[in-house]
Amino acid sequence: MTTTQMPSTDNPEPKNSRSFMQQLTTGTDWKSAALIPALAVLTALIIGVVIIMLTGSSFGDAMSAYWALLQGSVGSLKAISETLTAATPLILAGLSVAIAFRAGLFNIGTEGQLLMGGMFAVWAGFTFIGLPFYVHIPLALVAGVVGGAIWGFIPGFLKAKTGAHEVITTIMLNYIALRLVDFLLKTEIFQREGRNDPVSKTVEASAQLPLLLGWINPGLRVHLGLIVALAAAAFIHWLLFRTTTGFEFRAVGANPKAAKYAGMSITKTYVLVMVIGGALAGLAGAGQVLGVLDRATPGFSSGIGFDAIAVALLGRSNPWGVVAAAVLFGGLSAGGQQMQVSANVGIDLISVIQALIIIFVAAPALISAIYRLKAPAASTQISKGWGS
Amino acid sequence: MSTPPIDRQPIESYEVTGKRTKELTRRQIKKARITGIVMFVLAAIVMFFLAPAAAGTSTFGLSFADETIQLPPLSVPSQGSLWVLAMVLGFLGATQFFRGFQSRTTVILGIAFAVFVFSIMVWATAGQEFSLISMLVSTIARATPIALGALSGILCERSGVVNIGIEGMLLGGAFTGVVMGSLLGGWVGLLAATLTGGVLALLLAVLAVNFRVDQIIIGVVINILVLGLTSFLTAQVLVKNPDLNNAPIFQALKIPVLGDIPIIGPMFFDQTIIVYGMFILIASVTFMLFRTRWGLRTRSVGENPKAADSLGIKVAKVRYLAVVYGGMVGGFAGAWFTLGTVGRFDEGMTGGRGFIGLAAMIVGGWNPIGAFFAALIFGFSDSMQQKFAVIETPIPGEFLAMAPYLVTIIIVAGLVGRARPPAADGQPYEKE
């Protein structure tokens, strides 16, 4: 644990009139939008070197590990395809967290919503046989959206009606979803014939998302889901900044009391935001099962929902920022595979680096202190304790 | 935790003369009806689904073979006892529906659920023998990390700092516990685990108190960071050096005389040092929080930091101390996973116990004793799931495993007795 020590600083945090929440809701200047995240990534990577060296490797080993990381993320067409494949669910799940942030909610439940969406989509994918792909693919995607939306509706409804804090309910729903998937995969409806282990039936070919670059090389896995994800980002951007509903989301997020005074329904906003967030996460799950895995296995979400929190924070809850952050994290994840194989440095280092990135993004004062920036260092306050 | 101030009590209950009336609000009546119906449904399930399917006798073992005082196993005719249990549930439901237990409703509902769970056990073991005592013993063992995790959360949150990072503290403690335990022995491992929790909590305290970062984000980060770091170090270091991942296990220590009492002895007085540590910590933290000056200050900072500050209490210092103590308890709890059970570390071996601890804290109403009982319920469902996997039952273990999470959602939604968090929980304090 000696490796996690934070660079401590005695710099008192400069007073700042714009809180992080305001930045999330009203947009940011370029410094906090680009410079701080960039420095955060750089600092996290430097600490990563230290961690590699502490496990007994030389500086050269660490550099070759990073070279493999770079090669594996952008070094070839195959690498870029892997990066984008990994980025696809992160974009959608990141949007799910981001839209909730905008309305002042902390959706930790993306993981569970993603699982439920994936289960619905995989069911639609193997149940309907003989449909043409232009019917089957939208049908399966919509099933995923519905599954995620249901799992998002529950915490939204509970928050609106009873005030149950969404952080607790979503954490609990994540675990319930995980167990539910374990259970469902052993039922007759889902389990593949002749198998004793929990594996779902294979998605019909007509519901599998087509590969975008399959005409160059069938091994390039980037699939239609990427286009869906980008379209979703464009839609969320439009929704947030060009519609009344989006304005209400942001108003409730910035100041629920003022929003209520202005005649907006906080209850409706909370439910709607969580349903949309759940739907986005469900779409991410659908994309995974229809585009990459072709089936569901226990815990197929593999922590995407948690990475999504980092993506949303790094992207400052801006839809296009989320896309950029998701591509970065996709690159880290794809490159991490390469790093593990060719430099023999465990892929778990990537989650350490991601965690460090979140710390630095959430506490810009740390970055400002390290690099002696005069940049405004706003504190991050999204949640408001359990009671509210 | 004392009685609420007079203006918070329901006005309907008091006449001007001070004589208490039986008048209930429409809302209370509706709520009583709903809980009554829930009990009826439970009775119906026992009567129509469980009882017809149960044949033979259910036998519950009450003693281990090596105990000095042997209790004969408890044998009951399965179907007959299920009829009786269904009748008890039906009676409770009817009374609740028509008369209402009012202030005792929550307790009665708890009893009803206990009766229902016992019915399920009778039904599942129909025609078989089932070691009840080993399930009770493992309930205590499995409740230990949950209760300690909850205690860790309570210490932090009573001072106004939300700790979602309990899971990370458990995992960190489990990891350093096994490494130091392998190198220098179990006691050093236990110490190292405790200190690891403290260091992680220091990170939480620095970011939460000094940098005023959103505390829930820090907690999430701690979880990701520790999971990543321990998995990374396991793959890079422990796999190559298996000696570092082979710590001695604390054996159960039997307390003389008390350990020989049937049932209670094996449950409470024949456990490992970590389980005893849990009992001591629960008792001492309860005393510290509610009976000492330090506790009063900590709670006041968690409820109203501004007022505490104006009385000269150093808010930041109090929060630092409480959070670091909390982290140390979390790290100590982590040692249970390695030094208390298997003696080796596996990636992500805490498996969400930290979050169940968080749930136990909430269900227990931010009170150590309450959290301990909540942890017992969760430990019971955990251990029941394990034992039911052995004797083949038609209930999928996944549903039993879901129970703690469902209970938590029901509690936070305020459907059964609402718990109130410290008023300033999660809010950074800025001195003016």
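Predicted model: local features only at pLDDT ≥ 70, side-chain atom pairs only at ≥ 80, totals over all residues.

Modeller: Residues are numbered from 1 along each chain as its sequence is written, while chains are lettered from A and ligands numbered from 1 in the order in which they are written.

Biologist: In which sense do strands S1 and S2 of chain B pair?

Modeller: Helices (H or I, at least four residues) and strands (E, at least two) are DSSP runs, numbered from the N terminus. Two strands pair if DSSP finds at least two bridges between them. In chain B, S1 (residues 57–61) and S2 (residues 74–77) pair in the antiparallel sense over 4 bridges, and Ser58(B) has Val76(B) as its bridge partner in S2(B). S1(B) also pairs with S3 (residues 129–131) of chain B, in the parallel sense and over 3 bridges; here Gly61(B) is partnered by Ser131(B).

Biologist: How is chain B divided into domains?

Modeller: Domain bounds come from an automatic or database domain assignment. Chain B is divided into domain 1 (22–127) and domain 2 (133–412), and the centres of these two domains, taken over C-alpha atoms, are separated by 31 Å. Contact between two residues requires C-beta atoms, placed from the backbone, that lie within 7 Å. By that rule, 10 residues of domain 1 of chain B are in contact with 9 residues of domain 2 of chain B.

Biologist: What does H12(B) reach from its first C-alpha to its last?

Modeller: The expected span of a helix is 1.5 Å times one less than its number of residues. H12 (residues 315–342) of chain B has 28 residues and reaches 41 Å, close to the 40 Å expected. The bend at a residue is the angle between axes fitted to the seven residues ending there and the seven starting there; H12(B) has a kink of about 35 degrees, centred on Ala335(B). After H12(B) comes Gly343(B), with a positive phi near 80 degrees.

Biologist: Why is H12(B) described as largely enclosed by the rest of the structure?

Modeller: A residue is buried if 20 or more other C-beta atoms lie within 10 Å of its own, exposed if 12 or fewer, and partly exposed in between, with C-beta atoms placed from the backbone. H12(B) is largely enclosed because 23 of its 28 residues are buried.

Biologist: Are Leu92(B) and Pro52(B) buried or exposed?

Modeller: Leu92(B), in helix H2 (residues 78–98) of chain B, is buried, with 22 other C-beta atoms within 10 Å. Beyond its neighbours within four places in sequence, Leu92(B) is in contact with Met39(B), Ile108(B) and Ala112(B). Pro52(B) lies in the loop between helix H1 (26–50) and S1 of chain B and counts as exposed, because its C-beta neighbours inside 10 Å number 10.

Biologist: How many residues of chain B are in contact with chain A?

Modeller: There are 48 residues of chain B in contact with 47 residues of chain A. On the chain B side, H7(B) (215–238) gives the most, with 15 residues. Ala, Val, Leu, Ile, Met, Phe, Trp, Tyr, Cys and Pro count as nonpolar, Asp, Glu, Lys and Arg as charged, and the others, Gly among them, as polar. By class, this side has 33 nonpolar, 11 polar and 4 charged residues.
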